[in-house]
Amino acid sequence: MKNISVIFFSLIMSSAVIAKTPYFPDGTMMNIFEFSIKPDKSQRYDEIAKETISNLVDQEEGTLAMYSLRHKEDARHAYMVELYENNEVYQQHLNAERYNNFIALASEVIDKKKQI
């Protein structure tokens, strides 16, 4: 699974379309976030990411995929890749209680967050 995630992420990052817009021609939307994890919070980040991704993908209709990726050489460096059916679904996600719970928990373990 790790190899598939790395290949997927590499293909996404090399796409000129993705570099200019978060939307695919069919309206599908993707976000990529880069995180800096606080020292000694790596395990807690993994727990939060796993629980959140499982809940959101299973319970939010239109949330197509979410991946949490870690930098191989720097355990404090992580990425979150999100794929939504369309912008409307993404806006619903931003207003969902589950997402707000993630934001509250993530603030305990994340130093910096940057959308790519």
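Me: How many strands form the sheet, and in what order?

Reply: Helices (H or I, at least four residues) and strands (E, at least two) are DSSP runs, numbered from the N terminus. Two strands pair if DSSP finds at least two bridges between them. Here four strands form an open sheet, ordered β2-β3-β1-β4, with antiparallel pairing. Because β2 (63–70) and β4 (110–115) stand at the edges with a single partner strand each, one side of each has no neighbour in the sheet. From one strand to the next, the twist averages 20°. This is a predicted model: local features need pLDDT of at least 70, side-chain atom pairs count only at pLDDT 80 or more, and totals for chains, interfaces and linings use all residues. Residues are numbered from 1 along each chain as its sequence is written, and side-chain values use heavy atoms, with hydrogens and water left out.

Me: How many bridges join β2 to β3?

Reply: Seven bridges join β2 to β3 (residues 77–84), and the two run antiparallel. Within β3, Glu 82 is the residue opposite Met 66.

Me: Which strands does helix α3 touch?

Reply: Contact means heavy atoms within 4.5 Å. Axes are lines fitted to C-alpha atoms, for helices over the stretch in contact, and angles run from 0 to 180 degrees between N-to-C directions. Helix α3 (residues 42–59) packs on the sheet and touches β1 (29–37), β2, β3 and β4; its direction makes about 170° with that of β2. Helix α4 (residues 87–95) also packs on the sheet, touching β1, β2 and β3, and its direction makes about 125° with that of β3.

Me: Which residues have the most contacts inside the largest nonpolar core?

Reply: A nonpolar core is a set of buried Ala, Val, Leu, Ile, Met, Phe, Trp, Tyr and Cys residues joined through side-chain atoms within 4.5 Å. Buried means under 20% relative accessible area, exposed over 50%, partly exposed in between (1.4 Å probe, protein chains only). The largest core has 19 residues, and Phe 35, Tyr 45, Met 80, Tyr 84 and Ile 110 have the most contacts inside it. Helix α3 gives the most to this core, with five residues.

Me: How many aromatic pairs does the structure hold?

Reply: Rings of Phe, Tyr and Trp (its six-membered ring) pair if their centres lie within 6.5 Å; planes under 30 degrees apart count as stacked, over 60 as edge-to-face and the rest as tilted. The structure holds two aromatic pairs. One of them, Tyr 84 with Tyr 90, is tilted, at 5.1 Å centre to centre and 50° between the planes. Both Tyr 84 and Tyr 90 are buried.
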